[in-house]
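Please look over the model shown here. A short report on one chain follows.

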Amino acid sequence: MLETAPPHAKEHQTDRFHGGLIGRQPTPPQDVSRLKKSKRDQGFHPGWLVAPATTWLIVFLVVPLIGIVVFSFWTPKSGGMTPDFSVANYVNFFAQEGFLDTDHRNFLKPSIFVTTLWTTFRFTFTVMIICLIIGYPIAYFLAMQVKNFKWQLALFLLAMVPFWTSYLIRAVAWLPMLGRRGLFNKMLQSLGIIDKPSSFFLYSEFGYTMALTQLYVVLCIGPIFFSLAKIDKAIIEAAKDMGATNFQVFREIILPLSLPGVAIGMIFLFVMLMGEFATAVVVYGGKTSTTGTVILNYYAIANYPFSAVNAIMLMLAMMIGVVFILRIVDIRKEL
Amino acid sequence: MTTLTKPTMHETRTGLSRRRFVLTAAGSAAAGATLGAPAIVYAAETIRTIGLGVSIINEIQSRASKDTKLRVRGQALGYGALFGKMLNQNSTYEITEGYFNDMDVMIPSKAWQPIDTKRIKNWDKISNLCKTGALTPGSSKGQGDAPFRHLWLNKDGSRASGPSQYVSMVPTFHNADSLGYNPEETKRKIESWAELFSADFKGRVALLNVPQIGTMDAAMGVEAMGLMKFGDKGDMTKAEIDKLVGFLIQKKKEGHFRAFWETFGQSVNLMVSGEVALQSMWSPAVTAVKAEGVPCVYAAPKEGMRGWHGGMAISSKVTGKKLDAAYEYINWWLNGWAGAFVARQGYYMSNFNEVKPHLSGEEWDFWYGGKAAAKELSDPFGTPIVRKGEVRDGGSYEQRFKNIAVWNSLMKENNYLVKRWTEFLSA
């Protein structure tokens, strides 16, 4: 139909229909070839535009990554490694002494490195859920409740304020809050709720989870806010006109349309949290191991192959996580 | 004009050096020029030195540049980064301000060259603590990587069985660590490593989170409690590591540990903020806690302290003029000024008699003599840190170093140790 319809008919057709999510689009000129620009107007060849970034990525990402993979198969020796191919590092990552020995206490017990990766994932997952529970309503408020664009922007920037200071300062700031002589303890003591300072808040799983949430929640507020702000208010109005309740509007329209933002936010959080090691030292007092700290510890004793194995496993876990999130939400389609 | 007339150490050793030639030439060419001119044409060698924050301090390397006319560029690194760099990138430095506990890796790697003691001006002034292991006759030599066990080399860089002309590093700054505590919290004097695991301090104890050193402190504790006896705490067997870590895991599950610290600043914060009552600690950290107005005592456990010893090593890539310059920098370290600088932070120097003229009588008596401060004393940057009448914890230099229980070490079972330590932290 489109092919046979004259130009004016097509224009008329778009007029008749609702502009849709992204509003009315300009009609493309019919004869594109006539308007083909001269070579000079086209600017640089795309190859030149991607060359700097590609070179940078190859030199500083791909090559080192290949190095890490190769080193992970080398044999560690006292203070370095020798290029003898071996899968022993991988075996050591998964299994421990007595793994296949039915009588051994370690029979089929995964090694500490697998457990550590699992612990790292567990914390990551918990914090992601908490960030979502806290972050989504904030983003919703900013995008849906604040009508004035200036206020929206101002409040969004306000949510970003913690990012203006360094990561370490934000982490260290929890110490005077949660410590034995910190604000929390002082407050609870003066209210008569506890009679002596509690060690519960700092250097505990509670404090660690809380600090991670505060440190990273902004990473998911941003993308969710943007995808919520993009939703055409006319659709919501239309749904209400047709008798949808607020909950139905949220479930049928807002939630599905905001999922790409949620997915992007979750990917940010997942990748950052899996690689986390500094907060565990500062706020958890080093009382847990993350795969990040394992990599550092083996690097410090120059066992580079084993550090490399841990790095690869961490990277694989991250990839699986990202792919999993993308399987739930098809970002390309939704965007 | 003193720079022109007074030959430097470097020049006296090598006769008419290139530098002197350049100087003379420049002197005649630039006759009548300003005083600053010779400094510009002075073909100064650049010395790149790497180390920890203990010895890589702007003031030290600037002073060395000024005194020697070398261009000394220091780079302070964290322990892991330093280890990697000194081992794998010996073309990126001339000098490493390293530690004797790394020698089991560094000597076989040949990343450093043997140092000819004949070229070290104050070699005979360096104390026997490093040469024989006994500061005074009858002193305890201590288990683990004591400097004298890793000092002597043959000319080809292999280990020598006894004293020789060549050494792996020129021994310099060192100290002995033990426990730091807040007497108001412990309510008693701490005199044994066993107190580290006393139920009285449950939940108020911190350990150093460096597997190699943390296990040694813990080993001192369980040995003092009579729970275990180690063959060599500086080189534990797998069975010993297992038993020790098993004990630590049990203690951790009971909630005995408040935290594990990794940096100097963290250990200070833990004490200042009242989180811990007792912890393994470095001597200057105790000074820093006191500077914050929080009472802190450095224990002198009856079992002895845990020692560590630093030194100056030269990369095996360094030859010719650069090598002369490297020796010049090491000799500068031994002339006493740098020793006095680090003394004001609580560290000791291997040739302490050269340090003495660079400290005031009161400073010497306090830092080395273990006597009460006759007046208020300052750190090297001029901040007052010692009040009049204060006594340095741990006693005199001799008292500390004649009773070293164990030296910081690199164990053969290092990989296993790190694995078990990871299990301990995750428990």
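B:W152 has B:V167 in β8(B) as its bridge partner. This bridge belongs to the pairing of β7(B) with β8 (residues 166-167) of chain B, antiparallel over 2 bridges. Pairing here requires at least two DSSP bridges between two strands. Strands (E, at least two residues) and helices (H or I, at least four) are DSSP runs, numbered from the N terminus.

The open sheet has 3 strands in chain B, ordered β5-β8-β7, with antiparallel pairing. Its edge strands each pair on one side only:

| Edge strand (chain B) | Residues |
|---|---|
| β5 | 115-116 |
| β7 | 152-153 |

This is a predicted model: local features need pLDDT of at least 70, side-chain atom pairs count only at pLDDT 80 or more, and totals for chains, interfaces and linings use all residues. Residues are numbered from 1 along each chain as its sequence is written, chains are lettered from A and ligands numbered from 1 in the order written, and side-chain values use heavy atoms, without hydrogens and water.

Chain B has a mean pLDDT (predictor's confidence in each residue, 0 to 100) of 87, and 90% of its residues reach 70 or more. Over residues 1-41 of chain B, pLDDT is below 50; this stretch has 43 contacts (heavy atoms within 4.5 Å) in the model beyond near neighbours in sequence.

Helix α10 (residues 183-186) of chain B contains B:T186. Is B:T186 buried or exposed? B:T186 has 5% relative accessibility, so it counts as buried (under 20% relative accessible area; exposed is over 50%, partly exposed in between; 1.4 Å probe, protein chains only). A polar atom of the B:T186 side chain lies 2.9 Å from the backbone oxygen of B:R188. Leaving out residues up to four places away in sequence, B:T186 touches B:Y181, B:F201 and B:A277.

How values were computed. Polar contact = N/O pair within 3.5 Å; in protein donor to acceptor, adjacent residues only side chain to side chain.
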